Amino acid sequence: ITGYPAADAVGATPDILNSGEMSDDYFARQWETLLAGEEWDEEIVNERRNGTRYVARQTITPLTDEDGSVEKFVAIQTDITALKDRERHLQTLSRVLRHNIRNKIGVIIGSAELLAGDDDAGVDEAVIGDRIVDASHQLIDLAEKERRIVTLLTAHPRRKRIDLAATIESVATRVRQEHPDNRITVTCPGDV
């Protein structure tokens, strides 16, 4: 990923990858997290040996001694540059699509409101106008749902620690209630 051969990287600090794009606050939060013995899992913009930049999903885990003092770190980076590019293209496409849909719907709503408000119009024309207005508002709702879906699909989920034993027991309790004639048991260590 980095373009550095082992001879150039071994013994060097991760600063050789510094692109200058990450803020001092980013690194301050990173060190605070790691020195507290917690895992760091964030995106970072780094620079390869040849000067090109890449976006990486970086997970750094502190290694501690018997006393719990941080001694070393293990870092894993995954190049997600292509994924980030796809996200940008998808978001651009989404914005253009929503813009075009809203423009067209604005025309439909305006025309339908004129048709629905025409006192000389027959009952059928007024009903049709109301239907056009309703359908247009539904299209606007669909465009908003599309935006939320794109946001969900392109967002990176944040890892969160959960009490697995409690979660499993909660699911088992729900299944027991739904199927009272069945016997459901859970065997799980309490500290997972």
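I began with the term for pairing: two strands pair if DSSP finds at least two bridges between them, where helices (H or I, at least four residues) and strands (E, at least two) are DSSP runs numbered from the N terminus. The model I looked at is predicted, so I note that local features need pLDDT of at least 70 and side-chain atom pairs count only at pLDDT 80 or more, while totals for chains, interfaces and linings use all residues. Residues are numbered from 1 along each chain as its sequence is written, and side-chain values use heavy atoms, with hydrogens and water left out.

**Sheet.** I found an open sheet of three strands in the order S1-S2-S3, paired antiparallel. Strand S1 (40-47) and strand S3 (70-79) are at the edges with a single partner strand each, so one side of each has no neighbour in the sheet. I then followed S1 to strand S2 (residues 53-64), to which eight bridges join it in antiparallel fashion, and I saw Trp 40 standing opposite Ile 60 in S2.

The elements that give two or more residues to its lining are H2, S1, S2 and S3.

**Helix H5.** I recorded that helix H5 (residues 164-178) has 15 residues.

Conventions. Expected span 1.5 Å × (residues − 1).
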